[in-house]
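Colleague: I would like to learn how to read the features of a structure with you, one feature at a time. Could you give the general idea in each case and then turn to the example before us?

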Amino acid sequence: MIPAFLISCTSDSDESNALDQIAQEYVKLGLSIGQYDGDFVDAYYGPDSLKPTAKPDSVFPKETFLAKAGELKKNLADLAAKSKNDTISGRAKWLISQLTAFERRIRIYSEEYAPFDTESKDLFDAVAPVHSEKHFQDLIARLDSILPGKGSLPDRFQNLAANFLIPKDKIDTIFQAAIAEARKRTLKHYKMPANETFTMEYVTDKPWSGYNWYKGNYNSVIQINVSQPIFIERAIDLACHEGYPGHHVFNALLEEKLFREKGWTEISLYPLFSPQSLIAEGSANYGISVAFPGDEQKQFCKEVLMPLAGLDTSKTDAYFEALEIKSQLNYARNEVARGILNKSMADAEAQRWLTDYSLLTEKGAADNLRFVKKYRSYVINYNYGQDLVKNYIESQGGTADAPELRWQLFEKLLTNQVRASALLEKK
């Protein structure tokens with residue numbers, strides 16, 4: 001039963017109270033779904049009083065969860081339509097997008113599937129562009145013209161990359177140096193909570209290369225998967241993406257600015273399969289170039305990290321030129337995921353795409369295929385999410401020649417409830 005004041009609010013205060021109550025119901029619903037779906041809740045740092053007290057049923061209550069999500073969405077839509085307060089209507093619309101993702105994930109967990117683009121739209125509020133195989137073949141042709149040696153292009157790229165493989169006994173040294181630099185650069189621009197901190201862990205046998213487990217109270221556990229080969233540039237990529245100014249900063253600032261200061265309960269729950277993740281992953285990837293603009297990543301690798309790792313720097317320019325083209329091949333994984341989910345691509349063909357176009361080793365391709373099968377359309381958040389964030393910030397003037405403005409716009413993105421569709425509207 002929905003209290004009457006949720007239906008007919010008469011003031012900003014009434015509307016805010018109504019929204020706060022819906023936000024609590026949203027958190028309760030998310031945590032209840034998480035009792036069944038172990039991947040649903042990525043982080044929660046809200047009050048214990050919102051956690052489920054009963055043990056989960058033996059059967060997943062799909063229809064009950066869908067009905068509750070639908071009810072909350074209706075109340076939010078009514079609130080957004082009636083409210084003249086932009087903050088209240090903005091929060092309501094953000095929650096509606098999050099609850100649409102709840103509905104789609106409930107169906108996925110119940111093995112009720114939709115096409116790739118439908119799934120990504122519901123989960124992440126975005127549909128990534130489609131690229132033909134010829135698009136990737138043309139990029140490969142460009143790369144082919146600059147890679148030295150003979151043999152297949154993937155082999156030639158791996159031969160070049162092998163010069164930049166971090167030795168196992170140097171991984172911690174390199175990552176500590178990379179994250180210290182990323183943190184230093186970020187703190188020049190952002191005032192972080194006084195007690196923010198993180199710990200580093202090295203893990204094995206994961207389908208991902210790095211992961212940030214946000215624990216609340218401005219604390220993260222950053223895990224690096226050492227089962228995969230780690231090349232020198234990835235130390236900076238992961239230091240920025242998982243740490244500064246990426247996931248750790250994003251989560252800590254949201255907790256500080258929206259949960260602690262404004263009391264927005266919904267922020268305390270981070271559902272992994274939701275529009276929040278597109279902003280999280282897209283900003284974390286774009287944050288690499290915010291912290292290390294232009295050639296600064298290459299220079300830091302060449303002048304600091306590679307000497308620490310005992311690596312020869314003579315081929316650095318050629319390697320980073322190849323990486324620049326390779327980065328444009330990232331959308332190939334989207335097409336693999338689209339093909340796998342739409343059942344138009346077999347595993348063997350997916351492996352071929354991942355080796356031929358993503359230029360992965362056989363082990364890397366296998367790990368990526370594992371990732372696709374587990375996380376499904378989530379893959380669009382890394383590349384399309386990055387492009388959406390980049391285009392939005394640069395359209396507001398945050399270009400490479402205006403670095404301070406870019407940091408300011410990036411911080412605004414990290415401290416507000418933002419949907420992908422809203423980024424497209426504001427371009």
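This is a predicted model: local features need pLDDT of at least 70, side-chain atom pairs count only at pLDDT 80 or more; totals for chains, interfaces and linings use all residues.

Colleague: How many residues lie between β3 and β4 in the hairpin?

Modeller: The hairpin has 2 residues between its strands, and asparagine 217 in the turn has a positive phi of about 55°. Tyrosine 218, whose place is also in the loop between β3 and β4, has a phi near 65°, a positive value in a residue other than glycine.

Colleague: Is tyrosine 218 buried or exposed?

Modeller: The term buried means under 20% relative accessible area, exposed means over 50%, and partly exposed lies in between, with a 1.4 Å probe and protein chains only. At 10% relative accessibility, tyrosine 218 counts as buried. In strand β3 (residues 210-216), 5 of the 7 residues are buried, so the strand is largely enclosed by the rest of the structure.

Colleague: How is a pair of aromatic rings described?

Modeller: A pair of aromatic rings is described by the distance of the centres and the angle of the planes. The rule applied takes rings of Phe, Tyr and Trp (its six-membered ring) as paired if their centres lie within 6.5 Å, with planes under 30 degrees apart counted as stacked, over 60 as edge-to-face and the rest as tilted. By this rule the count comes to 27 aromatic pairs. In one of them, phenylalanine 124 and tyrosine 378, the ring centres are 5.6 Å apart and the planes at 85°, so the pair is edge-to-face. This pair links distant parts of the chain, 254 residues apart, with phenylalanine 124 in helix α4 (residues 116-124) and tyrosine 378 in the loop between α15 (362-375) and α16 (380-395). Phenylalanine 124 is buried at a relative accessible area of 0%, and tyrosine 378 is buried at 2%.

Colleague: Why is the pair of phenylalanine 273 and tyrosine 375 called stacked?

Modeller: Their ring centres are 6.3 Å apart and their planes at 25°, so the pair is stacked. Ring pairs link Phe124, Phe273, Phe371, Tyr375, Tyr378 and Tyr382 into a cluster.

Colleague: Which ring has the charged end of arginine 105 over it?

Modeller: A charge sits over a ring if NZ of Lys or CZ of Arg is within 6 Å of the ring centre and within 35 degrees of the ring normal. The charged end of arginine 105 sits over the ring of phenylalanine 273, 3.9 Å from its centre, and that of arginine 333 sits over the ring of phenylalanine 371, 4.9 Å from its centre.

Colleague: Where is the cis peptide bond?

Modeller: The bond from tyrosine 244 to proline 245 is cis, with omega near 5°, and proline 245 is found in the loop between α8 (232-243) and α9 (247-260).

Terms used
Residues are numbered from 1 along each chain as its sequence is written. Side-chain values use heavy atoms; hydrogens and water are left out. Helices (H or I, at least four residues) and strands (E, at least two) are DSSP runs, numbered from the N terminus. Two strands pair if DSSP finds at least two bridges between them.
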